[in-house]
Amino acid sequence: MIQSLTIILNALPNLLLGAVVTLEITALSVVFGMIGGSLIGIARLSPILLLRFCTRAYVDFFRGTPLLVQIFMIYFGLPALAQSIGIPLRFDRLLAAVVALSLNSAAYIGEIVRAGIQSIEPGQAEAANSLGMSGVQTMRYIIFPQALRRMIPPLGNEFISLLKDTSLVSVIGFEELLRRGQLIVADTYRAFEIYTAVALVYLVLTLASSQFFSRLEVWMNPIKRQKASQKKLSSP
């Protein structure tokens, strides 16, 4: 038991460095996924049939195929396709990981955005139009701020899922948390202890992320924020 704890403690600094890399990949992918997902979600509600069809096809493809396959397609498939037509193309591991995770996340976030916008009562858009606001102004000042508050819980779930899905980029040799754990196992031959430590680090990251989004949901909701303030004031 003492030996196992010693192995875990010795491996922990290296695993924490991998956890930092995992958080960096997740943050970058979420930022780009949010940008792409917001555009996709709005385009899914467009009156233009072709635009709706293209975005629906995008969402169906990235939600209907495994993320691991998408990583292979981007890191191995796209360079091979480009080289077959005479274009020299190589993907850096970090770039390939971020691109694959961002494209996948954008598909899920696009559906979250679409559902969030559709959850707002149509009467609010009609009232904004009656006040002379344009469609862009209505979306920016009336619809999207309210929809964003309702999107926080599913966006938090998507962030946590993406955080765990970063482990898949280890298959292309990128040294995030899981890959560093694999390298340590190759040196120590103590798979159970190291992978247990890896699992615990992921657990801490997901619990911290869950708490962050729970607090963000309360902060962005005036009613919940007021109740939380009253609860703090009434507590001894």
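1. Ground rules. The model is predicted: local features need pLDDT of at least 70, side-chain atom pairs count only at pLDDT 80 or more, and totals for chains, interfaces and linings use all residues. Residues are numbered from 1 along each chain as its sequence is written, and side-chain values use heavy atoms, with hydrogens and water left out.

2. Overall make-up. The protein has nine helices and zero strands. Helices (H or I, at least four residues) and strands (E, at least two) are DSSP runs, numbered from the N terminus. The C-alpha atoms fill a box of roughly 70 × 70 × 25 Å along the principal axes.

3. Helix H4. This helix covers residues 93-118, 26 residues in total. From first C-alpha to last it reaches 38 Å, close to the expected 38 Å (1.5 Å times one less than its number of residues). At its start, a side-chain oxygen of Asp92 comes to within 3.0 Å of the backbone nitrogen of Leu94.

4. H7 against H8. Two packed helices are described by the angle between their axes and the distance between the axes. For H7 (residues 177-188) and H8 (residues 191-220), the angle is about 165 degrees and the axes are 9 Å apart. Axes are lines fitted to C-alpha atoms, for helices over the stretch in contact, and angles run from 0 to 180 degrees between N-to-C directions. H7 and H8 are therefore roughly antiparallel (angles over 145 degrees). Their contact (heavy atoms within 4.5 Å) includes Leu177 and Ile184 of H7, and Ile194 and Tyr195 of H8. By class, it has ten nonpolar, three polar and no charged residues. Here Ala, Val, Leu, Ile, Met, Phe, Trp, Tyr, Cys and Pro count as nonpolar, Asp, Glu, Lys and Arg as charged, and the others, Gly among them, as polar.

5. H1 against H7. The axes of H1 (residues 2-43) and H7 come within 7 Å and cross at roughly 155 degrees. That makes H1 roughly antiparallel to H7. Residues in this contact include Ala11 and Gly18 of H1, and Arg180 and Gly181 of H7. By class, the contact has six nonpolar, four polar and one charged residues.

Technical notes: Angles under 35 degrees count as roughly parallel, over 145 as roughly antiparallel, 65 to 115 as roughly perpendicular and the rest as oblique. A polar contact is a pair of N or O atoms within 3.5 Å; within protein, one must be able to donate a hydrogen and the other to accept it, and residues adjacent in sequence count only if both atoms are side-chain atoms.
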